[in-house]
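Subject: Structure handover

Hello,

Here is the structure I promised to pass on. Please open it next to the notes below.

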Amino acid sequence: MSYQILKKVGKAIRNTFITGLVLANFIPGIAKAEEIKQEKIMPDRKIVLDIADPTKNFEANANAWYSANQIIGKGSDLLGVKAGLDNTLLGRIGLLGLSSALSHHLTHASHEFGHIRVGEKIGSYEWRFEPNSIFALDNNWTKTLNKHPTDNQGIRKAVAGLNQNEYNAYVLFKNNKNQLTPDNAFSFLSTKTWDIGYNLGTSYKVPTESNDVDNYIRFLNKKGIPAKKSDHLTQAILADALSIQTWDSFRAISNYLKTGNRVTKPTVFKWGETEFTPPLINLYLTHEGGFFNTTSIVNPEGEHPIEVNLGYDADFIGGGRVNTMRIGGQYNNIRLADNLRLSPGAHINLERKSLEPKGFSAGAELEWKINNKSSIIAGLKYNQKDIMENIIKGKDRGFDGRFRISHKF
């Protein structure tokens, strides 16, 4: 199947789904004589902020994006539940539209910060933001790399924004294991499908040579990796379509529009007494090709939730040369004292074909609970040729420390 046919099929599926969502939710709701009275539930909200510059740090960028979305979501909660706008369909459409528009701008800003982080690390990088347009977002950003990058540097700069979008989806998922609100559902869909939008040409209004996916493919081909744009599209569609969190997000939006209920329970599987979330599949792009990283939370509502990660290269689609498996996880909330919790974790990288070790990452986080709402978290990791930490996040090899604050509101 040619890329143009695949592109048309992708757009047709997207448009058909959106139309069906409108017909299934908007029209029946408008036709009702009386709106459903929804239970007055205020969702749980939390901000998480790193003590680091979001333009220079991968995790700080993601948490700033997440926290800003939670502030917007809280405003929507207050207008919807307290002010009563959730009681009418038009009120719900208006609130979801407003929060979605604001979230879309945040997602784009986070994407650009990803480029800035890598560009400044390469050197001699100039950027600025000017609010020229609220519709053509790329017209607001000017970025210039005054240095000819190597092929690997060019790839890392090209994919930095898309990798940031994928990681943002992971951060939203892990902070909302037990509930999903309509605004978070839209934020998840926006950031998770950003790569598909770029590939299909719907996420940017700039010449082809500025398209991140085109640049990524061009550099891979220059290195002798025979990837095509259709290969990337296939990888991205697989990652999004096979993640049940994608469909949970559509369900949360549908539930809200039909009933005004702001809280939807995410899908959780059960095996005996053990519960676990369906694996979230993220597609990350590297200088050797695509890499799928899956995340599942075991006993997400338990005292000690366990994050399990399994990563696998996408070399079978597009002829990449990643040849890597990554296995590991994190055990959370070991109680050291009344207000101290320890969460250790480790990951190992293996060469997929030979299972020979390639790298590793190991560390722990210490959380000090100031009160029932606020915490300070300190983390320390040691990373050695780890595909997530050293390649995708772009950290230097060796020790990496983090400090962040968390507050429920």
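This is a predicted model: local features need pLDDT of at least 70, side-chain atom pairs count only at pLDDT 80 or more; totals for chains, interfaces and linings use all residues.

Start with the largest nonpolar core, which has 28 residues. Tyr167, Tyr170, Val171, Phe188, Ile253, Tyr284 and Ile392 touch the most other members. At least two residues each come from helix 2 (58-82), helix 3 (89-122), helix 4 (151-174), helix 5 (182-192), helix 9 (244-259), strand 6 (280-286), strand 7 (289-298) and helix 10 (387-392). Helix 4 contributes the most, with 6 residues.

Now look at Val171. Setting aside neighbours within four places in sequence, Val171 is in contact with Ala62, Asn63 and Tyr66.

Next, helix 9. Its 16 residues span 22 Å from first C-alpha to last. That is close to the 22 Å expected at 1.5 Å a residue. Its buried residues are Gln245, Thr246, Asp248, Ser249, Ala252, Ile253, Ser254, Tyr256 and Leu257. Just after helix 9 comes Gly260, with a positive phi of about 85°.

Last, the surface. Leu49, Trp368, Ile370, Ile376 and Ile405 make up a nonpolar patch there. Together they have about 410 Å² of accessible area. Ile405 sits in strand 14 (residues 398-408). Is Ile405 buried, partly exposed or exposed? Ile405 counts as partly exposed, because its relative accessibility is 40%.

Best wishes

How values were computed
Residues are numbered from 1 along each chain as its sequence is written. Side-chain values use heavy atoms; hydrogens and water are left out. A nonpolar core is a set of buried Ala, Val, Leu, Ile, Met, Phe, Trp, Tyr and Cys residues joined through side-chain atoms within 4.5 Å. Buried means under 20% relative accessible area, exposed over 50%, partly exposed in between (1.4 Å probe, protein chains only). Helices (H or I, at least four residues) and strands (E, at least two) are DSSP runs, numbered from the N terminus. Contact means heavy atoms within 4.5 Å. Patches are made of residues with over 30% relative accessible area and no salt bridge: like charges are joined within 9 Å, nonpolar side chains (Val, Leu, Ile, Met, Phe, Trp, Tyr) within 5 Å. Accessible areas come from the Shrake-Rupley method with a 1.4 Å probe; for residues, only the protein chains shown count as cover. A salt bridge is a side-chain nitrogen of Lys or Arg within 4 Å of a carboxyl oxygen of Asp or Glu. The expected span of a helix is 1.5 Å times one less than its number of residues.
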